[in-house]
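Welcome! Here are a few exercises to work through with the structure beside you, each followed by a solution in steps.

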Amino acid sequence: QFQLVESGGGLVEPGGSLNVSCVASGFSLDEYAIGWFRQAPGKEREGVSCISPKLDMTTYAVSVQGRFTISRDNAKNTVYLQMNSLKPEDTAVYSCAAIRSRYYEYRCPLLNKDEYQYWGRGAQVTVSS
């Protein structure tokens with residue numbers, strides 16, 4: 001059974017850091033483009049970052065550029081999102097998603113969330129003092 005499970009969310013003060021993880025089971029992440037998405041209450045789900053399966057090409061939303069870093073560890077079948085300099089507006093449920101497609105070997109879809117084939121349930125990240 002294909003499954004993605006996020007962990008590492010929590011409560012952090014503004015300016016703090018969190019590292020959320022996305023672990024896959026039932027398939028190998030190294031064949032998939034992986035995206036991180038977030039959804040705040042009353043808002044649409046938005047793409048945060050994604051990473052391609054080949055050459056680890058990355059894409060970031062403008063709002064997180066320079067603060068967030070996406071990476072993968074294929075040996076652990078895990079993708080990470082390191083979040084630094086967190087702001088209250090980063091508060092949301094963070095979910096990872098996976099897509100396997102010959103169109104996304106050296107790139108990844110950040111805007112086209114509907115293309116993703118598998119989704120995790122998400123992890124809550126709250127930035128508050």
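**Exercise 1. Find the partner of Cys-22 and say which parts of the chain the bond ties together.**

Solution. Start at the sulfur of Cys-22: a disulfide joins this residue to Cys-96, with 2.1 Å from S to S. Keep in mind that this is a predicted model. Next, locate both ends: Cys-22 lies in strand E3 and Cys-96 in strand E9, so the bond ties together parts that are 74 residues apart in sequence. Then look along the S-S bond: its torsion is about 75 degrees, so this disulfide is right-handed. Last, check the surroundings. A residue counts as buried under 20% relative accessible area; Cys-22 has 0% and is therefore buried, and Cys-96, at 0%, counts as buried too.

**Exercise 2. Work out which pattern the disulfides of the protein follow.**

Solution. The structure holds two disulfides. Besides the bond from Cys-22 to Cys-96, there is one that joins Cys-50 to Cys-108, with an S to S distance of 2.1 Å. Cys-50 sits in strand E5 and Cys-108 in the loop between E9 and E10, 58 residues apart. Both Cys-50 and Cys-108 are buried, and their link is right-handed, with 75 degrees about the S-S bond. Now count the bonded cysteines along the chain: the pattern is 1-3, 2-4.

**Exercise 3. Explore the largest nonpolar core and name the residues that touch the most other members.**

Solution. This core has 29 residues, and those touching the most other members are Leu-4, Trp-36, Phe-68, Leu-81, Met-83 and Tyr-94. Among the elements that give two or more residues to the core are strands E3, E4, E8 and E9. Take Met-83 as a close-up: leaving out residues up to four places away in sequence, Met-83 touches Gly-16, Ser-17, Leu-18, Val-20, Arg-67, Phe-68, Tyr-94 and Val-125.

Terms used
Residues numbered from 1 in each chain as written. Predicted model: local features only at pLDDT ≥ 70, side-chain atom pairs only at ≥ 80, totals over all residues. Heavy atoms only, no water. Core = buried A, V, L, I, M, F, W, Y, C linked by side-chain atoms within 4.5 Å. Buried < 20%, exposed > 50% of the residue type's maximum accessible area, 1.4 Å probe, protein only. Helix = DSSP H or I, 4+ residues; strand = E, 2+ residues; numbered from the N terminus. Contact = heavy atoms within 4.5 Å. Disulfide = S-S within 2.5 Å.
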